[in-house]
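Here is a short report on one protein chain. Look at the structure first, then read on.

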Amino acid sequence: AMQWYWPALGLWLFNRVLDGLDGLVARAHGSQSDFGGYLDIVLDFIVYAAVPIGLYWGNPTGANGIGVILLLGSFYVNAVSWLYLSAILEKRAAGADAQGELTSVTMPKGLVGGAETILFFILFLVWPGWLPWLFGAMAVLVAIGILLRLHWAYRNLPNE
């Protein structure tokens, strides 16, 4: 919000390193837990909302406002899309354990995943003058991922 983009970039990258290490360290020490997995995703979503909000707050133009609304709206629908699908897959014993995943719950793929999110957030911080376009581009890609996930669910979740 204070337009300290380079320190924010350093903190963003540090956050992503820590986020990548927490599960590895917990598994290496046999201390992983469902609460840890839950806390991890809650904290991720706080960071994913805080960065775009802070960027908008630091430069509250109309175009940035529209972009941040579209982006956070796509995040909201995306979260419902994959979290609920994850719950259904876990309920049907087709989740993380069945697929050999090391996470607490399965994370159905979308178009924009962890690496793409890291890249987009880096771009947000490196080129803040392009925020409306970057926010919009990421929102569109997230929306396409939601549609792909919906299509997959329609074809692969039989009515029971």
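**Overall fold**

The model is predicted. The chain holds 6 helices and 0 strands. Read along the sequence, the pattern is α-α-α-α-α-α. The C-alpha atoms fill a box of roughly 50 × 40 × 20 Å along the principal axes. Of the 160 residues, 33% count as buried. Among contacts with a separation of 6 or more, 70% come from residues 24 or more positions apart.

**Helices H2 and H3**

Helix H2 covers residues 34-58, and helix H3 covers residues 62-91. Their axes lie 9 Å apart. The helices pack at an angle of about 170°. Angles over 145 degrees count as roughly antiparallel, and H2 and H3 are therefore roughly antiparallel to each other.

Which residues of H2 and H3 make the contact? From H2 come Ile41, Phe45, Tyr48, Ala49, Pro52, Ile53 and Tyr56. From H3 come Asn64, Gly65, Val68, Leu71, Leu72, Phe75, Ala79 and Trp82. By class, this contact has 13 nonpolar and 2 polar residues. It has no charged residues.

**The second largest pocket**

The second largest pocket has a volume of about 420 Å³. Its lining has 18 residues. Nearest its centre lie Ala1, Ala8, Leu11, Val51 and Leu125. Helix H1, residues 5-28, and helix H2 each supply at least two lining residues. H1 gives the largest share of the lining, 7 residues.

| Contact of H2 with H3 | 13 residues | 2 residues | no residues |

**Ser81**

Ser81 lies in helix H3. Is Ser81 buried or exposed? Buried means under 20% relative accessible area. Ser81 has 15% relative accessibility, so this residue counts as buried. What does Ser81 touch, leaving aside its neighbours within four places in sequence? Ser81 is in contact with Ile146 and Arg149.

**In brief**

The chain is built with 6 helices and 0 strands.

Definitions and conventions: Residues are numbered from 1 along each chain as its sequence is written. This is a predicted model: local features need pLDDT of at least 70, side-chain atom pairs count only at pLDDT 80 or more; totals for chains, interfaces and linings use all residues. Side-chain values use heavy atoms; hydrogens and water are left out. Axes are lines fitted to C-alpha atoms, for helices over the stretch in contact, and angles run from 0 to 180 degrees between N-to-C directions. Helices (H or I, at least four residues) and strands (E, at least two) are DSSP runs, numbered from the N terminus. Angles under 35 degrees count as roughly parallel, over 145 as roughly antiparallel, 65 to 115 as roughly perpendicular and the rest as oblique. Contact means heavy atoms within 4.5 Å. Ala, Val, Leu, Ile, Met, Phe, Trp, Tyr, Cys and Pro count as nonpolar, Asp, Glu, Lys and Arg as charged, and the others, Gly among them, as polar. On a 1 Å grid over the protein atoms alone, a cavity is a set of points where a 1.4 Å probe fits but cannot get out, and a pocket is an open set with protein on both sides within 12 Å along at least five of seven lines; lining residues have an atom within 4 Å of a point. Grid points are joined across faces, edges and corners, and a volume is the space filled by probe spheres set on the points. Buried means under 20% relative accessible area, exposed over 50%, partly exposed in between (1.4 Å probe, protein chains only).
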